[in-house]
Amino acid sequence: MKKIALFLSLVLLMGAMTACGSAPAETTAPQSAVTAPEGTTEELMNKLYENVTVELPLMTMPIDLADEFAVTAYTGAASAEGMLEGAFNESMIGAQAYSLSLVKCESADAAAALAQTMFDSIDTRKWVCVEATEKQAVVCGDLAFFVMLDPEYGVTTDQIVEGFTAVCGGAVDSVIK
């Protein structure tokens, strides 16, 4: 009888210990699988050109998030809500179908939503007499990146996205084509 009581006690003790050990650990799903690189959007935009060569006279400028026209032109969004800072890169010659936009957002979710807005809403005919025939949007952590161009300038959107992916440490969350 003592053996049965001892055995039952051990079974109950093991059951109690197992129940304590199997409590689910608290986890939070990461908003992004990728951590955005450090630096301002202008610095990151310029770093892209360490990985890609473009034979155009280019300039990188900040996006004035207080200017509704600039926000719409470079992000496709109606307002700067959810945006922290941004930069654009274009040819210094007016009618060249080549434009990049990079925006740091409040969160990875905001970046994903903005990347889709950029892809859907930025005007590929914003120049006189020329049109961008390729475009892509990319999400890297809390960064939304958009490129549109005419490949006649010797570079493709795939090459620009590869360069941006290198800036992001070799991985991005998503690419919209």
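Biologist: Where is the place of Met92?

Modeller: Met92 lies in the loop between E2 and E3; helices (H or I, at least four residues) and strands (E, at least two) are DSSP runs, numbered from the N terminus. This is a predicted model, where local features need pLDDT of at least 70, side-chain atom pairs count only at pLDDT 80 or more, and totals for chains, interfaces and linings use all residues. Residues are numbered from 1 along each chain as its sequence is written, and side-chain values use heavy atoms, leaving out hydrogens and water.

Biologist: Does one call Met92 buried or exposed?

Modeller: Buried means under 20% relative accessible area, exposed over 50%, and partly exposed in between (1.4 Å probe, protein chains only). Met92 counts as exposed because its relative accessibility is 52%.

Biologist: And how do I read Thr165, buried or exposed?

Modeller: Thr165 is buried, because its relative accessible area is 17%. Its place is in helix H5 (residues 157-167). Contact means heavy atoms within 4.5 Å; not counting residues up to four places away in sequence, Thr165 touches Gly170, Ala171 and Val172.

Biologist: Which residues of the largest nonpolar core touch the most other members?

Modeller: In soluble globular proteins, nonpolar side chains tend to be buried together. A nonpolar core is a set of buried Ala, Val, Leu, Ile, Met, Phe, Trp, Tyr and Cys residues joined through side-chain atoms within 4.5 Å. Here the largest has 49 residues, and Leu48, Tyr98, Leu100, Leu114, Phe145, Ile160 and Phe164 touch the most other members. The largest share of this core, seven residues, comes from E5.

Biologist: What is Ile160 in contact with?

Modeller: Leaving aside neighbours within four places in sequence, Ile160 contacts several residues, including Leu48, Tyr98, Leu100 and Phe145.
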